[in-house]
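Reader: I have a structure open and a few things to ask about it. Can we go through them one at a time?

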Amino acid sequence: MALRRLQDRIEQKQAVIGVIGLGYVGLPVAAMFAQAGFAVIGVDIKAERVALINAGRSPIEGDEPGLAKLLAEVVGNGRFQATTDYNTLSQADVVLIDVETPVDEHNQPRYEALRAVCRSLGPVLADGALVVVESTIAPGTIDGVVRPLLEQSSGKQANEAFFLGACPERVMPGKLLHNLRTMSRVCGGSTVATAVTMTHLYRHIVAAELDTADPITAELVKTTENAYRDVQIAFANEVALICESVGADVWRVRELVNKSPYRQMHLPGAGVGGHCIPKDPWLLAYGAPDVPLHLIPAARRINDEMPLHVAGLIFDALDAQALSASPARVAILGFAYLANSDDTRNSPSQILLERLHELGVDVVVHDPWVAGYQSDLMQTVQGCDAAVLMVAHEAYRDLDLAALRNALRTPVLIDGRHFFDAAQARKAGLVYRCVGQGAG
Ligand SMILES: NC(=O)c1ccc[n+]([C@@H]2O[C@H](COP(=O)([O-])OP(=O)(O)OC[C@H]3O[C@@H](n4cnc5c(N)ncnc54)[C@H](O)[C@@H]3O)[C@@H](O)[C@H]2O)c1
């Protein structure tokens, strides 16, 4: 009965939607529900972020098509308001949870944020409300963590006085709104009726398939998706190392492999970062501690070692140049984990920087999107012994290779993303090395 009423309120757009956690995922979701005509309350513990959002300004700095404009619009027309005050959620018919879910140094989930949300939400949760966890969580988390905590803090029974589900997000920074609109979603409800109600909700912002499932299936789909991607990237990276060793070109090999039907070999490169891929395989594994794991940890290790491999390429190239100056000075181009993004979480560039420091190298960093590294590119590389492209930011597309060569003290260019044309770089007088290409 209560769910029927909620479905009606969703259909009529009378339902008030709360979104907890206004980061890369929660902010665009909140803005899109507001755009669809719902009243949306966003809750975040960061007062500065809340103030920025209420001023109609997006705290996300990367190239995020449409987000800043949409946010200004929905804050301007009063449909979306942000706050640090959980009490406002007592009006919410639906509450979406979008907080971070990292792992610790032992690859165990760190659910401090998720637990804190459950403890704060329970006391204000309205009767008949639907709570949906959009954060990526290990299989079994809804039933093992979220449900007991919410029942305890609210004094209400799940599936009776409130309803619970998992609907993991699939977005990528740089395409947040586009992904939200066009990617299918798994609506994992604690009961079939809850899952169906979730499809009614998401239909307002998603123009793609909405599949119903139970929460553990939804949790598994998301973590499997990203673990699968990590394994595929690790495979491409291992082939890249083989190609380098035998003096071949992995990029040409990949192109030809992918002419065979259904192969789709992934892109190798200088490492994998972000809030998702480096930890989601561990969340998947955490769900089944009795299963001996081989492939997933191996893939994590291979991908984590790629920035260290890049450090090796730098040293090889500098050795071949019989570098006289000491210490060597290296410029890292790109500090975000992803092209055209400002997100630096688990950035491979950070791992490279630490390794170079350990080896006594002076390091300077440039990134057009990351605060603190946005100084003039040519001034940054001036007098360096190598420039290392770690992130394929479009802003580097027009880099004048002859000017780069003149700015460098030693003309070494290391390409971690197969970004530059090797022939052009060599024509400009640069010693060019690329991940996955033999020294040639
Ligand atoms: N970033 C991505 O590309 C992406 C894509 C798909 C899924 N995800 C998943 O979505 C979830 C969120 O990721 P994100 O990148 O948006 O994280 P984020 O760090 O950008 O945002 C999380 C927000 O939650 C807020 N928060 C933390 N604790 C809180 C609390 N107790 N109450 C209210 N707010 C609180 C933080 O202040 C922050 O603003 C994670 O589980 C992640 O794995 C992320």
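Reader: Which residues are linked with Glu134 in a network of salt bridges?
Author: Glu169 and Arg185 are linked with Glu134 in that network. Keep in mind that this is a predicted model.

Reader: What is the N to O distance between Glu134 and Arg185?
Author: Their side chains meet at 3.0 Å, N to O.

Reader: Is Glu134 buried or exposed? And Arg185, buried or exposed?
Author: Glu134 is buried, because its relative accessibility is 2% and the cut-off for buried is under 20%. Arg185 is buried too, with a relative accessible area of 2%.

Reader: Why would such side chains pair at all?
Author: Side chains of opposite charge can pair when their charged atoms come close.

Reader: How many salt bridges does the structure hold?
Author: It holds 16. One of them joins the side chains of Asp385 and Arg409, at 2.7 Å from N to O. Asp385 is in the loop between α14 (377–381) and β11 (386–389), and Arg409 is in the loop between α15 (401–407) and β12 (412–415), so this pair ties together parts that are 24 residues apart in sequence.

Reader: What about the accessible area of Asp385 and Arg409?
Author: Asp385 is buried, with a relative accessible area of 0%. Arg409 is partly exposed, at 44%.

Reader: Which residue does Asp280 form a salt bridge with?
Author: Lys279, with the closest N and O atoms 2.8 Å apart. Both Asp280 and Lys279 are buried.

Reader: Changing topic to helix α6. Why does its end-to-end distance agree with its residue count?
Author: Helix α6 has 14 residues (141–154), which at 1.5 Å a residue should span 20 Å; the end C-alpha atoms are 18 Å apart, so the two agree.

Reader: Where does α6 bend?
Author: At Arg147, by about 30°. A proline, Pro148, follows within four residues.

Reader: Which residues of α6 are buried, and what covers them?
Author: The buried residues include Thr141, Ile142, Val145, Val146 and Leu149, and also Leu150, Glu151 and Ser154. The cover includes α5 (112–121), β5 (129–133), β6 (162–166) and α9 (215–245). Just after α6, Gly155 takes a positive phi of about 70°.

Reader: Which residues other than glycine have a positive phi?
Author: Asn346 is one of them, with phi near 50°. Asn346 lies in the loop between β9 (329–333) and α13 (348–358), and is partly exposed, with a relative accessible area of 45%. Another is His418, with phi near 55°. His418 lies in the loop between β12 and α16 (422–427) and is partly exposed at 33%.

Reader: Last topic, domains. How is the chain divided?
Author: Into domain 1 (2–214) and domain 2 (297–434). Their C-alpha centres lie 38 Å apart. The contact takes seven residues from domain 1 and eight residues from domain 2.

Reader: What area is buried between domain 1 and domain 2?
Author: About 660 Å², with carbon and sulfur atoms giving 56% of that. On the domain 1 side, Tyr24, Asp63 and Pro173 lose the most area to domain 2, together 60% of what that side buries.

Reader: How many salt bridges are found across that interface?
Author: Zero, between domain 1 and domain 2.

How values were computed:
Residues are numbered from 1 along each chain as its sequence is written. This is a predicted model: local features need pLDDT of at least 70, side-chain atom pairs count only at pLDDT 80 or more; totals for chains, interfaces and linings use all residues. Side-chain values use heavy atoms; hydrogens and water are left out. Helices (H or I, at least four residues) and strands (E, at least two) are DSSP runs, numbered from the N terminus. The expected span of a helix is 1.5 Å times one less than its number of residues. The bend at a residue is the angle between axes fitted to the seven residues ending there and the seven starting there. Buried means under 20% relative accessible area, exposed over 50%, partly exposed in between (1.4 Å probe, protein chains only). Contact means heavy atoms within 4.5 Å. A salt bridge is a side-chain nitrogen of Lys or Arg within 4 Å of a carboxyl oxygen of Asp or Glu. Domain bounds come from an automatic or database domain assignment. Buried area is the accessible area (1.4 Å probe) that two parts lose on being put together, summed over both.
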